[in-house]
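Hi everyone, thanks for making the time.

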Amino acid sequence: MSDTIEKVKCLIIGSGPAGYTAAIYAARANMKPVLYQGTQPGGQLTTTNEVENFPGYPDGITGPEMMMELQKQAQRFSTDVRDGWVTKVDFSGDIHKVWVNDTKELHCETVIISTGAEAKYLGLESEQKYLKLGGGVSACAVCDGFFYKNQEVVIVGAGDSACEEAHYLSKLCKKVTMLVRRDEFRASKIMAARVKNTENIEILYNTETDEVLGDGQVVTGVRVFNNKTNEKHVIPATGFFVAIGHTPNTAIFKDYLDLDETGYIINVPGTSKTNVDGVFVSGDAADNVYRQAVTAAGTGCMAALDAERYLAAKE
C-alpha cells in the first residue's frame with residue numbers, strides 16, 4: 001500500500017454520463033472533484049455507434065464522441081480526470097477510504113458511485129465480433145431499435161425486460177423473432193401475454209443461438225438450434241438483440257452498501273443517498289429500470305447536489 005494518503009473532497013468513481021455530469025456539477029460547486037475513469041472509460045456508450053436520443057444532438061452523435069465531449073466539459077471546470085480503477089473501499093468509519101489499483105489510498109469526504117452496469121451477452125465469438133463492429137448486435141432496443149425500422153430482427157431472452165424490448169421492437173420492425181431457451185417464459189403472465197398477442201412477434205421455444213451470421217461488416221442472419229431435437233436453421237435478420245439481463249458493477253461495495261437481490265445499489269427514494277452518509281450513487285449502478293444515458297446524467301446531477309448539501313451541512 002502507498003505510504004502517502006491523498007485527501008479528496010469529492011471522489012467520483014466511473015466515467016459514463018452519470019460520472020461526468022456529477023463531475024460538471026461538483027466542479028462548478030467548487031468541490032474539486034477527482035474522477036477515476038475505471039476499466040471502461042466512458043462506460044457502456046463507448047460501444048454504441050450512434051446516439052440519437054440524447055437531447056442537444058439533432059444529427060446524432062457516436063457514443064465515444066459524446067463521452068469525449070462530456071469529459072472535456074468536466075475538465076473545463078477543472079475536474080481531475082484520472083486513469084485507474086477502484087479496487088477496494090472501506091466505508092465503515094467517518095472517513096471514506098478508497099484504494100485505486102490496489103496501491104493508492106484516498107481519504108474522501110464524499111464519494112459518488114457511477115460505476116454503471118454491464119449488459120450480459122451470450123459470449124459467442126460471432127456475437128462479440130458484430131457487437132464491436134457496431135454491425136447489428138445490441139443489448140438495448142430502446143437505444144438502437146430505430147435503426148432497424150421496417151427490418152427483421154431477432155431477440156434473445158424470456159424475462160420481463162426481454163418481453164418489453166420485443167414489444168418495443170415490434171412497433172418499429174417488420175418482424176421480431178424471439179428465442180426462448182425453455183418451453184415457457186420467465187416473464188410475468190401479463191408481459192408474456194403481450195408478446196404472444198402481438199402479430200409480428202414469432203416466439204421459438206426451446207431455441208438457442210448457434211451463431212450470428214454476417215457479411216463481415218453487418219449482421220445478415222442468425223443460426224439457431226432446437227435444444228430438444230438439435231435441429232438447426234437460419235433466420236434472416238439485420239439485427240440481433242440480447243435481453244438476458246445486466247450485471248451492476250457494485251461488487252466491491254457489498255460489505256458496506258445496501259444492494260438489492262441482483263446487486264443494484266439501493267438509494268433513498270427521490271435522492272442519490274445510500275445507507276452510508278456521504279456516499280451517493282448515480283446512473284445504472286442503481287437503475288435497473290430505465291438504463292438510459294439521459295436518466296444517468298440526471299442522477300449524476302442529483303448526486304453532486306446531494307454531496308454539496310451534505311458538505312454544507314457538515315460545515
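Let's begin with Thr177, which sits in strand S10, residues 175-179. Strands here are DSSP runs of E with at least two residues, helices are runs of H or I with at least four, and both are numbered from the N terminus. A word on where this comes from: it is a predicted model, where local features need pLDDT of at least 70 and side-chain atom pairs count only at pLDDT 80 or more, while totals for chains, interfaces and linings use all residues. Residues are numbered from 1 along each chain as its sequence is written, and side-chain values use heavy atoms, with hydrogens and water left out.

So, is Thr177 buried or exposed? Thr177 is buried, at a relative accessible area of 3%; buried means under 20%, exposed means over 50%, and partly exposed is in between, using a 1.4 Å probe and protein chains only. Setting aside residues up to four places away in sequence, Thr177 touches Val153, Val154, Ile155, Glu202, Leu204 and Ile235. Contact, throughout this talk, means heavy atoms within 4.5 Å.

Which backbone atoms lie by its side chain? The backbone nitrogen of Val276 is 3.2 Å from a polar atom of the Thr274 side chain, and the backbone oxygen of Val279 is 2.8 Å from a polar atom of that side chain. Leaving out neighbours within four places in sequence, Thr274 is in contact with Leu257, Ile265, Ile266, Val268, Val279, Phe280 and Val281.

One more loop residue, please: Ile61, between strand S2 (33-36) and helix H2 (63-76). Ile61 is buried, with a relative accessible area of 7%.

On to the helices. Helix H1 (residues 17-28) packs on helix H7 (residues 293-314) at an angle of about 35°, and their axes are 7 Å apart. Those axes are lines fitted to C-alpha atoms, for helices over the stretch in contact, and angles run from 0 to 180 degrees between N-to-C directions. What is the hand of the crossing of H1 and H7? H1 passes H7 in a right-handed crossing. As a reminder, a crossing is left-handed if the near helix is turned anticlockwise from the far one by less than a right angle, and right-handed if clockwise.

Who takes part? From H1 we have Pro17, Ala18, Thr21, Ala22, Tyr25 and Ala26, which meet Ala293, Ala296, Ala297, Gly300, Cys301, Ala304 and Leu305 of H7. By class, the contact of H1 with H7 has 11 nonpolar residues, two polar and no charged. The nonpolar class holds Ala, Val, Leu, Ile, Met, Phe, Trp, Tyr, Cys and Pro, the charged class Asp, Glu, Lys and Arg, and the others, Gly among them, count as polar.

While you have H7 in view, find Met302, which belongs to that helix. Met302 is partly exposed, with a relative accessible area of 30%. Not counting residues up to four places away in sequence, Met302 touches Gly270, Thr271 and Ser272. From Met302 to Pro17 it is 285 residues in sequence and 13 Å in space, C-alpha to C-alpha.

H1 also packs on H2, at an angle of about 20° with the axes 8 Å apart. That makes H1 roughly parallel to H2, where under 35 degrees is roughly parallel, over 145 roughly antiparallel, 65 to 115 roughly perpendicular and the rest oblique. The crossing of H1 and H2 is left-handed. Pro17, Tyr20, Ala23 and Ile24 of H1 meet Met67, Leu70, Gln71, Gln73 and Ala74 of H2, and this contact divides into seven nonpolar, two polar and no charged residues.

Most residues other than glycine have a negative phi. Asn30, however, has a positive phi near 60°, and Lys32 has a positive phi of about 50°. Lys32 is exposed, with a relative accessible area of 56%.

Thanks, all; happy to take questions.

Terms used. Polar contact = N/O pair within 3.5 Å; in protein donor to acceptor, adjacent residues only side chain to side chain.
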